Amino acid sequence: MRRSKRMAAMITMDPSLSRQVGGKEHSPHNGAVVEEIHGLIRVYKDGHVERPQIVPCVTSLLPPDLGVTCGDIVIHKLTAIWARFYVPSAAVRSHGKLPLLVYFHGGGFCVGSAAWSCYHDFLARLAAKAGCLIMSVNYRLAPENPLPAAYEDGFEALQWLKQKAISGAREWWSGSCNFSSIFLAGDSAGANIAHHLATKLGANNEATALRPLVFKGTILIQPFFGGETRTHSEKQMSSPSALSLTAADTYWRLALPYGANRDHPFSNPLSKGSIKSLQEPSSLPIMVCISEMDILKDRNLEFCGALDSAGTKRVEHVVFKGVGHAFQILNKSPLSQTRTLEMLSHINTFVTISLLDPPTSS
């Protein structure tokens, strides 16, 4: 797709001021529609972007009986990066300082928000179950801000955390945060962001540059990877799921740098341009959550195999039977609810074990 005009995304923590457009017919000056994923995003020839509000954005309010305190904080005013923090009060009372999960939402790099109700509910439950403080980062979206903008925003969030750790200021969330026990996490495109940040931290002593932050592991939920050669699950998966192959291809056309294809290192971690980074053993344990009915299943399994072959410190993967992409946030069926509880339990166990690992020298 030819991008004749890129508009700066206007992002706000107030859902009522969201720039998402709900079901509006385009006006003639926008020209023809050049890319569309029905119900999610429509891109016009002149660069105008519409995002119907298919999932409601909500404030940081939570039911009191959940025992989780939540609030929004601006990370970077110029780029409008912000984060929603979740602090489980019961865990604070029991353990004092808590590990921090830096979480990135999914949406093919093109849609989604830390204020989406499905993420708000899921992350509040995760914070309570795992006894972790969670920082859910709202990053810039493509096509207005193609990759690597989302990666840059993720690293900006980590640098912001570093400054908070150095300052020692006891804010409502930071007083409960153990800056020496940080996990990178995300689902779908957000898992892709978490992976690229973890790779960056493992190269050129980037992790050392972020001290006093100490990273303990990476949690990737249905990571959104691609490639020009189709996998078996991409070709054969026909069960209903939140991500179709057509939608995935559209997301990559909108998110990748101009002229790049799906074998670009941003998309394909096993391509020639990025395989070298996987061949260097990671000192951080990695957990990958895979859905049996997801078109990404085979890519996710190949990724885990490559990590194992590289001698990564600890690679765990869990395949959730009978469910598709993003089941934990978008599907309310009894089976999905059961599998979501299993996912929360697996993440809790991974975090607990990873915190017991001796520190690595870096």
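Search the whole structure for disulfides (pairs of cysteine sulfur atoms within 2.5 Å) and you come back with zero. Cysteine 57, for one, is in no disulfide: the nearest cysteine sulfur belongs to cysteine 118 and sits 9.3 Å away. Cysteine 57 is also buried, at 14% relative accessible area, and cysteine 110 is buried too, at 0%. Here buried means under 20% relative accessible area, exposed means over 50%, and partly exposed is in between, with a 1.4 Å probe and protein chains only.

A quick word on what you're looking at. This is a predicted model, where local features need pLDDT of at least 70 and side-chain atom pairs count only at pLDDT 80 or more, while totals for chains, interfaces and linings use all residues. Residues are numbered from 1 along each chain as its sequence is written, and side-chain values use heavy atoms, with hydrogens and water left out.

Three strands make up an open, antiparallel sheet in the order 1-2-3; strands are DSSP E runs of at least two residues and helices are H or I runs of at least four, both numbered from the N terminus. Strand 1 (33-37) and strand 3 (49-50) are the edges, each pairing on one side only. Two strands pair if DSSP finds at least two bridges between them, and strand 1 has four to strand 2 (residues 41-44). Look across from glutamate 35 and you'll find valine 43 in strand 2.

On to the aromatics. Rings of Phe, Tyr and Trp (its six-membered ring) pair if their centres lie within 6.5 Å; planes under 30 degrees apart are stacked, over 60 edge-to-face, and the rest tilted. There are 16 such pairs. One of them, tryptophan 173 with phenylalanine 179, is edge-to-face, at 6.1 Å centre to centre and 75 degrees between the planes, and both residues are buried. Phenylalanine 320 and phenylalanine 327 make a tilted pair instead, at 5.8 Å and 45 degrees; these two are buried as well. Elsewhere, ring pairs tie Phe109, Tyr151, Phe224, Tyr251, Trp252 and Phe266 into a cluster.

Helix 2 (117-130) and helix 10 (327-330) each supply at least two lining residues, and helix 2 has the largest share, with four.
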